[in-house]
Amino acid sequence: MTENKKYNGWTNYATWRINLEMISDQKFHLDESYIDLCKKGDPYKLAGELEEFVLEYLLDQSGETLTYDYACAFVAEANFYEIAEHVIHDYELAHCGNCNDQLNYDTSYDGYCSKECANEDEVLLTHEKG
Ligand SMILES: [Zn+2]
């Protein structure tokens with residue numbers, strides 16, 4: 001753990017809590033458009049989408065402008081880039097590196113769903129280099 005991780009391994013309290021309550025639970029993961037961003041592995045783009053998702057949810061939940069304004073001040077404290085990196089990392093751990101199928105940990109092959117996928121990905125990588 002590095003020194004700038006101040007709250008349970010996260011940048012700060014807001015980052016920890018928003019990730020815990022809004023991102024790492026299933027609410028967020030169900031949306032297909034976010035899965036595309038995970039496949040591309042682009043934390044900058046995903047961070048923006050995550051923040052938008054959180055703000056929209058809070059706007060829906062808050063009846064008053066003042067409530068929403070206060071909530072926004074909290075959200076502004078959060079490091080969404082850090083959250084996005086975690087989301088992408090979790091996605092990569094749970095999906096095949098070649099075909100993006102959900103991995104079954106009992107039968108997965110070093111980050112791939114099958115030996116065939118592992119070999120195929122290796123061929124592609126070698127081909128790009130050569
Ligand atoms: Zn696969």
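Reader: Where is D110 found?

Author: In this predicted model, D110 lies in the loop between α6 and α7, and it has a positive phi of about 50° although it is not a glycine.

Reader: What makes D110 buried or exposed?

Author: A residue is called exposed if 12 or fewer other C-beta atoms lie within 10 Å of its own; D110 has 7 other C-beta atoms within 10 Å, and is therefore exposed.

Reader: And why is N100 called partly exposed?

Author: N100, which is also found in the loop between α6 and α7, has 16 other C-beta atoms within 10 Å. N100 has a positive phi of about 65°, although it is not a glycine.

Reader: How do you know that the buried residues of α4 line one face of the helix?

Author: The buried residues in α4 are P43, L46, A47, L50 and V54. Seen down the axis of α4, they fall within an arc of 105°, so they line one face of the helix. In general, an α-helix has 3.6 residues a turn, so residues three or four places apart point the same way.

Reader: What does the face of α4 turned away from its buried side carry?

Author: That face carries the exposed residues Y44, E52, E56 and D60, whereas the buried residues of α4 pack against α1, α3, α5 and α6.

Definitions and conventions:
Residues numbered from 1 in each chain as written. Predicted model: local features only at pLDDT ≥ 70, side-chain atom pairs only at ≥ 80, totals over all residues. Buried ≥ 20, exposed ≤ 12 C-beta atoms within 10 Å, placed from the backbone. Helix = DSSP H or I, 4+ residues; strand = E, 2+ residues; numbered from the N terminus. Arc of directions from axis to C-beta. Contact = placed C-beta atoms within 7 Å.
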